[in-house]
Amino acid sequence: MHTKYVEQEIKYTGQELAPHWIYKNFQLQGDAIAAFCGECEVKLTEMVDIEDVINDEPIYSKNMLSLIVEHFNIGLIEGVTRQRLLICIIKEALENKISQPIIRSGDDLFVEGRKLSVSIATKSLTSVLMHVGINIDPTGAPIDAIGLNSLNVCDIKEFAEEIMLKYSQEIDDI
């Protein structure tokens with residue numbers, strides 16, 4: 001499984017959750033996970049999660065760590081299971097860095113009752129795609145949210161690389 005932390009800032013709009021996006025942009029062919037930071041603004045027209053569309057809940061964060069994952073030759077159920085695995089890995093990594101309790105509810109993480117992450121898994125014609133976004137600075141979020149800055153997680157690159165390495169190791173081990 002390929003991994004890449006992208007130094008350049010990228011705004012996540014939902015369009016990045018597309019087949020071969022990682023390959024086209026970073027030349028990582030096959031199963032891969034890429035991480036980057038930047039503003040996150042997913043309008044209702046770009047939403048994959050129909051429940052969010054029905055509830056009129058667009059996504060916004062001033063700065064977010066985004067992880068895009070693409071897996072080939074698996075079904076959606078296995079993709080959602082891997083998505084939950086990734087969320088558990090993120091939770092574990094955070095528990096080693098902060099003293100506040102982290103609550104996982106499905107594929108979302110909460111700290112002090114405030115939402116820390118967003119996540120979606122979807123199936124394309126060629127692959128299963130995932131996006132996990134972890135707020136760094138949730139300013140402007142349409143819901144009560146918290147970010148890594150408030151939790152004193154300062155080295156975002158190191159944190160992202162730790163998550164990608166652990167996820168990659170788990171997938172390779174499976």
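These legends describe close-up views of a predicted model.

**View 1. Helix 3 crosses helix 4.** Helix 3 spans residues 76-95, and helix 4 spans residues 156-173. Their axes come within 10 Å. The crossing angle is roughly 135 degrees. That value makes helix 3 oblique to helix 4. The crossing is right-handed.

**View 2. Residues at the contact of helix 3 with helix 4.** Helix 3 contributes Arg 82, Leu 85, Leu 86, Ile 89, Ile 90, Ala 93 and Leu 94. From helix 4 come Phe 159, Glu 162, Ile 163, Lys 166, Tyr 167, Glu 170 and Ile 171. By class, this contact holds 10 nonpolar and 4 charged residues, with no polar ones.

**View 3. An aromatic pair, Trp 21 and Phe 26.** Trp 21 and Phe 26 form an edge-to-face pair. Their ring centres lie 5.4 Å apart, with 75 degrees between the planes. Trp 21 and Phe 26 are both buried.

**View 4. An aromatic pair, Trp 21 and Phe 36.** Here the ring centres are 5.8 Å apart. The planes of Trp 21 and Phe 36 meet at 50 degrees, so the pair is tilted. Trp 21 sits in helix 1 (residues 21-26), whereas Phe 36 belongs to strand 2 (residues 32-42). The pair links distant parts of the chain, 15 residues apart. Phe 36 is buried, as is Trp 21.

**View 5. The aromatic cluster.** Ring pairs join Trp 21, Phe 26 and Phe 36 into a cluster. Trp 21 pairs edge-to-face with Phe 26. With Phe 36, Trp 21 forms the tilted pair.

Terms used
Residues are numbered from 1 along each chain as its sequence is written. This is a predicted model: local features need pLDDT of at least 70, side-chain atom pairs count only at pLDDT 80 or more; totals for chains, interfaces and linings use all residues. Side-chain values use heavy atoms; hydrogens and water are left out. Axes are lines fitted to C-alpha atoms, for helices over the stretch in contact, and angles run from 0 to 180 degrees between N-to-C directions. Helices (H or I, at least four residues) and strands (E, at least two) are DSSP runs, numbered from the N terminus. Angles under 35 degrees count as roughly parallel, over 145 as roughly antiparallel, 65 to 115 as roughly perpendicular and the rest as oblique. A crossing is left-handed if the near helix is turned anticlockwise from the far one by less than a right angle, and right-handed if clockwise. Contact means heavy atoms within 4.5 Å. Ala, Val, Leu, Ile, Met, Phe, Trp, Tyr, Cys and Pro count as nonpolar, Asp, Glu, Lys and Arg as charged, and the others, Gly among them, as polar. Rings of Phe, Tyr and Trp (its six-membered ring) pair if their centres lie within 6.5 Å; planes under 30 degrees apart count as stacked, over 60 as edge-to-face and the rest as tilted. Buried means under 20% relative accessible area, exposed over 50%, partly exposed in between (1.4 Å probe, protein chains only).
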